[in-house]
Amino acid sequence: IPQRQLSWSDFNALRKEMHENQNAMQEKQNQMQEYIKTLEQKPGGSGEEHVGLLGNASRSLGVLTSEEEVPATQSMVEARYDKYELPESTYSLLMTEEIRSVPFVTGIIAWAFSMMCLGLAFSNELDNGSPENRLGLPAGVQTEVIVAQYLGVLVGVLMEDEIPQGLELIGKGAEQKLSRRASLGDGSGGVDDTTRLFSTRRVFLPALLRLSIGYMFIICLFIVVVRESTVLDIFFDVLALEFVENIDDVIFGLSKRGFFGPTLRDATNKTHYIETTHASHKFRWWTKRIIRFVYIFNILLGIASLTYVSTMQKKGYYRCKSVSVTFGDAAWEEAFVNVGGVQERRPLQYANFNGIYEEDGTHDGRPKYTERNKEDGGMFKRTVGAEIVFCEAIDAWVFRHEDISISRNDDDNR
């Protein structure tokens, strides 16, 4: 088929001719398809204009494209991504610049900043724990907080881009190697000799650094989210961690504008590519699916871990099993005390109830703490111990005793 622009009259004449002779129509379609395949094998050819012409002609004549045409068209679409532009990040400087250069060292420093900030956040969260509850998880949270926790994990993982970019970079390095091997093997369809080739170490170094930052971010994200007890704190923490993870992008942007000197400005304003060929398309197909699997796995892992924590909170696993109470020297002058079934007005010294209170059942869905014997820490045998329970009416923890009240007949205010 000649490479020329068809006018509307020429197209109508072609359609009429193809209607008159079905065999001629099939032959012309085969010729056009062969031409597309020829263009596909050329490194610089696209053939997109001719693919569109074939599709328009087929639709006008009511002829569906055969299944054999799909792989060629798909391969040509995939060829658009054979030239992969390196992301605008200081991690890219670790691939493109000399090891002892200022841009390379800047990339290492940017990674160190992010890792240090995430490490401090992780260490701080662990310091707030206890031997029984190392992460310092709250005993329980409200329903809206639980919903915010799930959303925080989901949003945080979706916003995290270091892990997919690191995996994609490893895949592109492997694609480049496969393309180069194809070029040396058969002398066709490979990377041009003038194309810059990045060594395996140069590709894997920034990729591994990205992966380390990405998974450190996810670990900190989970710990911070499950420890918070308010909705706003959860979303603020997610945004703060995201900013810390993207320090490299901030440094790159400032360097590109010349704030850190001409050397970094020149290095960051260059555009670099990893070029591959059709020989690596099958491997690219697997790379995309691996990245998709890792994305889904990270989300499911976060949701599963959060579900486990929520379940254990409902079971009371993270609650304090005992508390130490010290009331001080406060006194209640007109307390009514039940003595042998008779209400007597007596002064009450709160210090008499100092000691250890252990969890003993629940009250209105909250744990109830009961006073223990001051001598051996066990339960009282004859004496009635005091209790600390949560009062829904005043939304606070209160101290109470079965035989003490504020009036002779006011049992509800004991």
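Q: Two strands pair if DSSP finds at least two bridges between them. In what order do the five strands of the open sheet stand?
A: This is a predicted model, where local features need pLDDT of at least 70 and side-chain atom pairs count only at pLDDT 80 or more, while totals for chains, interfaces and linings use all residues. Residues are numbered from 1 along each chain as its sequence is written, and side-chain values use heavy atoms, without hydrogens or water. The pairing in the sheet is antiparallel, and the order is S3-S6-S7-S8-S9.

Q: Which strands are the edge strands of this sheet?
A: An edge strand pairs on one side only. That holds for the strand at 322–325 and for the strand at 396–400, namely S3 and S9.

Q: Which residue in S8 stands opposite Thr370?
A: Strand S7 covers residues 366–371 and strand S8 covers residues 387–391. The two pair in the antiparallel sense over two bridges. Opposite Thr370 stands Glu387.

Q: Which residue in S9 is the bridge partner of Val389?
A: S8 and S9 run antiparallel and are joined by five bridges. The partner that Val389 has in S9 is Val398.

Q: Which residue in the turn of the S8 and S9 hairpin has a positive phi?
A: The hairpin has four residues between its two strands.

Q: Is Asp395 buried or exposed?
A: Buried means under 20% relative accessible area, exposed over 50%, and partly exposed in between (1.4 Å probe, protein chains only). The relative accessibility of Asp395 is 58%, so this residue counts as exposed.

Q: Is Ser101 buried or exposed?
A: Ser101 sits in the loop between helix H5 (90–96) and helix H6 (102–127). Because its relative accessibility is 17%, Ser101 counts as buried.

Q: How are H7 and H10 placed to each other, as their angle counts?
A: The axes of helix H7 (residues 143–159) and helix H10 (residues 231–245) come within 9 Å and cross at roughly 15°. Angles under 35 degrees count as roughly parallel, over 145 as roughly antiparallel, 65 to 115 as roughly perpendicular and the rest as oblique. H7 and H10 are therefore roughly parallel.

Q: Which residues of H10 make the contact with H7?
A: Contact means heavy atoms within 4.5 Å. On the H7 side it is made by Glu144, Val145, Ala148, Gln149, Leu151, Gly152, Gly156 and Met159. On the H10 side it is made by Val231, Ile234, Phe235, Val238 and Glu242.

Q: How far apart in space are Ile299 and Gly156, C-alpha to C-alpha?
A: Ile299 belongs to helix H13 (residues 281–314) and, at 16% relative accessibility, counts as buried. Leaving aside neighbours within four places in sequence, Ile299 is in contact with Leu154, Val157 and Leu158. Ile299 and Gly156 are 143 residues apart in sequence, but their distance in space is 9.3 Å.

Q: What percentage of the residues of the protein chain count as buried?
A: Helices (H or I, at least four residues) and strands (E, at least two) are DSSP runs, numbered from the N terminus. The chain has 13 helices and 10 strands. Of its 414 residues, the buried share is 38%.

Key:
Axes fitted to C-alpha atoms, helices over the stretch in contact; angles between N-to-C directions.
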